[in-house]
Amino acid sequence: MTSKFNFNLKSKPRYRRRPSSRRNAPLRPENSIFQKLSSAIGRLSPSWKACIPLASIILLLSAYSAVAQAPPGDLPETLTDTEELRIALDTMWVVIASILVIFMNAGFGMLETGFCRQKNAVNILSKNLIVFALATVAFWAIGFGFMFGDGNPFIGFSGFFLAGPDNSPATNEAYAGVFDSLSWTGVPLAAKFLFQVAFAGTAATIVSGAVAERIKFVDFLIFSLLLVGIAYPITGHWVWGGGWLSTLGFMDFAGSTAVHSVGGWAALMGAAFVGPRLGKYQDGRPVALPGHNMSIATLGCLILWVCWFGFNPGSTMAADHTIGHIAVTTNIAAAMGAISATIVAWMYLGKPDLSMIINGILAGLVAITAGCNGVTVFGAAIIGTIGGILVVFSVTFFDSIQIDDPVGATSVHLVNGVWGTLAVGLFNVDSGLFYTGSLAQLGVQFLGVASVGGMTVLLSTIFWLVLKSVLGIRVREDEELKGLDIAEHGMEAYSGFLKDNRGMAGGSP
């Protein structure tokens, strides 16, 4: 047995031998801590060196916010027992819904991993884990303030690091703070933030699947920070933060546009800039690169289906009577999306493709998200049915124009995010065309879709182009052939198993 203490008797002495004239001077190490630190920084790549100033700024700002932000106080003594109970129940429901939405990261991780090849499984799982951590910090630091802080119709300018006056759970006229756009819900600020940061993480996760199997890990991390810290909050402010779209009457209850199509537009631009996977298109025709584990992909879909009951009903941010109706419309849309996608894929592709069934469920869920609170159950069934049909043709369309999206994120989140938002202008019982005969709501919905999409495309394009020119967003060809698990992370998801070489140059199943 070897000792855990390994002494190298032949190693050089740790301390310099001092001249006789300095025999009485105190001993000091050969290398000071500052010299060691300088040497360690010198060994870093340019991209990591560039992160040091940013990390220092964040550290200083967080220290400031810790001082500036007052600790949460007790509820006002004037509240009755009934009001305290209501606040407690509402807060409990919002926290439970937040946990469900956060757990969607597990669903996305399983879904994307199963849809991709085994040599990239560790990379995809790593992205889906770290992206929520990054989203949490970026949204806490600046995103929440940009999105919900008081400002102008374009962007918020207050509430960074959750600092500033706030007397939540006071509501409406009784509220006095810097987050007026959230004064309609009677829960503490911490519960408001937890629920909204879960949504922000979802928007960033959508991008992961569309650029899977060929993007550099560091580029994805930086893009996620930029998306959650800047792009998503700006357009979110327009919709939910008291911005110009909300004043026009734009309706997006739980985020078909504010969350899903924003993530979808960013994913589309990423897939376009990073280019298709090696071997995906041969002689201009798409070649199937099947996912390695449809079992965990199916598990991921079921996790997402269940967690969507936090996403949509949780958007009430109160434990009220509308939760049941929202849950039913959400479920019926998912079910009809699955059925319609299965039938269409069976007729169009010749087989009831499991991947299309999975994406049909998700398409129905995304499509109903905008109007789940204001449509009938029959209206939800129609919205989900059309969503399931759209996703089948959308997947084949993007393949035909050589936009390589391994998991169908653009078809699910972008196409059906747009469809679900426009469907509010048709099926909403108070303002929809089919109930009022007016095109006004549909026009506002179209304006919202176009403006949010345009801004997201603009900002995403800038982010991707800068990353591409500075760091390069795609791994080397040999790294892609080897697999990102080994190339980027130095480990395998299934150590000892035969590798899947489909899509490799000269490879075979």
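Biologist: Is the crossing in which H4 passes H6 left-handed or right-handed?
Modeller: This is a predicted model, in which local features need pLDDT of at least 70 and side-chain atom pairs count only at pLDDT 80 or more, while totals for chains, interfaces and linings use all residues. Residues are numbered from 1 along each chain as its sequence is written, and side-chain values use heavy atoms, with hydrogens and water left out. A crossing is left-handed if the near helix is turned anticlockwise from the far one by less than a right angle, and right-handed if clockwise. For H4 passing H6, the crossing is right-handed.

Biologist: At what angle do H4 and H6 pack?
Modeller: Helices (H or I, at least four residues) and strands (E, at least two) are DSSP runs, numbered from the N terminus. Axes are lines fitted to C-alpha atoms, for helices over the stretch in contact, and angles run from 0 to 180 degrees between N-to-C directions. The axes of H4 (residues 121-148) and H6 are 8 Å apart, and the helices pack at an angle of about 40°.

Biologist: How many nonpolar residues does the contact of H3 with H4 have?
Modeller: H3 (residues 81-115) and H4 pack at about 165°, with axes 9 Å apart, so H3 is roughly antiparallel to H4. Contact means heavy atoms within 4.5 Å, and among the residues that make this one are Asn105, Phe108 and Glu112 of H3 and Asn128 and Val131 of H4. Ala, Val, Leu, Ile, Met, Phe, Trp, Tyr, Cys and Pro count as nonpolar, Asp, Glu, Lys and Arg as charged, and the others, Gly among them, as polar. The division is 4 polar, 1 charged and, for nonpolar, 8.

Biologist: Does Thr205 count as buried or exposed?
Modeller: Thr205 is in helix H5 (residues 189-210), and the residues that Thr205 touches, beyond four places in sequence, are Asn105, Phe108, Glu112, Asn128 and Val131. Buried means under 20% relative accessible area, exposed over 50%, partly exposed in between (1.4 Å probe, protein chains only). At 0% relative accessibility, Thr205 counts as buried.

Biologist: How far apart in space are Gly201 and Ala135, C-alpha to C-alpha?
Modeller: Gly201 also has its place in H5, and Gly201 is buried because its relative accessible area is 0%. Leaving aside neighbours within four places, Gly201 is in contact with Phe132 and Ala135. Gly201 and Ala135 are 66 residues apart in sequence, but in space their C-alpha atoms are apart by 5.3 Å.

Biologist: Are H6 and H15 roughly parallel or antiparallel to each other?
Modeller: H6 (residues 217-240) and H15 (residues 440-470) pack at about 160°, with axes 10 Å apart. Their contact includes Phe223 and Trp238 of H6 and Phe463 and Trp464 of H15, and by class the contact has 15 nonpolar, 4 polar and 1 charged residues. The angle means that H6 and H15 are therefore roughly antiparallel.

Biologist: In which helix does His260 lie?
Modeller: His260 counts as buried because its relative accessibility is 0%. Beyond four places in sequence, the residues that His260 touches include Thr202, Trp308, Phe311 and His413. His260 lies in residues 256-274, which form helix H8.

Biologist: What is the distance in space between Gly186 and Ala170, C-alpha to C-alpha?
Modeller: Gly186 is found in the loop between H4 and H5, and at 7% relative accessibility Gly186 counts as buried. Leaving aside neighbours within four places, the contacts of Gly186 include Arg86, Asp90 and Pro169. Gly186 and Ala170 are 16 residues apart in sequence, and their distance in space is 6.0 Å.

Biologist: What percentage of the residues of the chain count as buried?
Modeller: The chain has 17 helices and 2 strands. Among contacts between residues at least 6 apart in sequence, 74% join residues at least 24 apart. Of the 509 residues, the share that count as buried is 50%.

Terms used:
Parallel < 35°, antiparallel > 145°, perpendicular 65-115°, else oblique.
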